Amino acid sequence: MIMKTKNIREHLEKERQNLLEKLASISGKVVSEKRDSNSYSKQGEIAVAYFELERKYLDIKHLNDQIIEIEHALEKVHNGTYGFCDKCGSSIPHERLEVLPQTTLCISCKTQQSKWSLLR
Ligand SMILES: [Zn+2]
């Protein structure tokens with residue numbers, strides 16, 4: 001392992017903090033807009049409001065997924081298994097970890113997983 005564990009952990013923790021802040025700000029907006037949506041009178045406005053809400057929920061879900069991924073990576077740093085693929089156990093290339101520090105799968109396992117999620 002060329003990269004220093006301490007740096008990885010700091011990087012991941014910073015990233016998680018950023019995501020949590022984004023999540024908090026989006027969630028806050030959704031809650032306040034939901035309260036306001038009672039005052040909408042026209043159908044069109046309601047539709048737009050719901051579209052916006054739905055988009056924010058997707059953002060929230062996306063952020064949540066990223067946080068879960070980062071927490072999993074942090075757990076792996078803690079366990080000393082960071083840099084190794086979750087599925088096949090082979091070491092994940094350094095270049096891949098530099099671009100995607102939170103990744104816990106090698107490219108071939110990740111590709112397989114994406115195919116699976118497309119099938120489902
Ligand atoms: Zn793998």
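**Notes on the metal site and salt bridges**

1. Along the chain, the donors of the zinc ion are spaced as C-x2-C-x17-C-x2-C. The model is predicted. The protein donors are Cys85 (SG), Cys88 (SG), Cys106 (SG) and Cys109 (SG), and they lie 2.3 Å from the zinc ion.

2. The arrangement around the zinc ion is tetrahedral, because the four donor atoms subtend angles of 105 to 114°. For reference, the ideal angle for four tetrahedral donors is 109.5 degrees.

3. Cysteine 85 sits in the loop between helix H2 (43–79) and helix H3 (94–99), while cysteine 109 belongs to helix H4 (residues 107–119), so this pair ties together parts that are 24 residues apart in sequence. Cysteine 85 is buried at 4% relative accessible area, and cysteine 109 is buried at 7%.

4. The count of salt bridges is six. One of them joins arginine 55 to glutamate 52, at 3.8 Å from N to O. Both residues lie in helix H2, three residues apart, about one turn of the helix. Arginine 55 is partly exposed at 42% relative accessibility, as is glutamate 52 at 27%.

5. Glutamate 52 also forms a salt bridge with lysine 56, whose closest N and O atoms are 3.9 Å apart. Lysine 56 counts as buried, because its relative accessibility of 11% falls under 20%.

6. A salt bridge also links lysine 61 and aspartate 65, with 3.1 Å between the closest N and O atoms. These two residues are four apart in helix H2. Lysine 61 is partly exposed at 48%, and aspartate 65 is partly exposed at 39%. Shared partners join Glu52, Arg55 and Lys56 into one salt-bridge network.

How values were computed. Residues are numbered from 1 along each chain as its sequence is written. This is a predicted model: local features need pLDDT of at least 70, side-chain atom pairs count only at pLDDT 80 or more; totals for chains, interfaces and linings use all residues. Side-chain values use heavy atoms; hydrogens and water are left out. Donors are N, O and S atoms within 2.8 Å of the metal (3.2 Å for Na, K and Ca); water is not among the atoms, so sites may look incomplete. Four donors count as tetrahedral if all angles lie between 85 and 135 degrees; four count as square planar and six as octahedral if opposite donors are over 155 degrees apart and all others between 65 and 115; anything else is irregular. Buried means under 20% relative accessible area, exposed over 50%, partly exposed in between (1.4 Å probe, protein chains only). A salt bridge is a side-chain nitrogen of Lys or Arg within 4 Å of a carboxyl oxygen of Asp or Glu.
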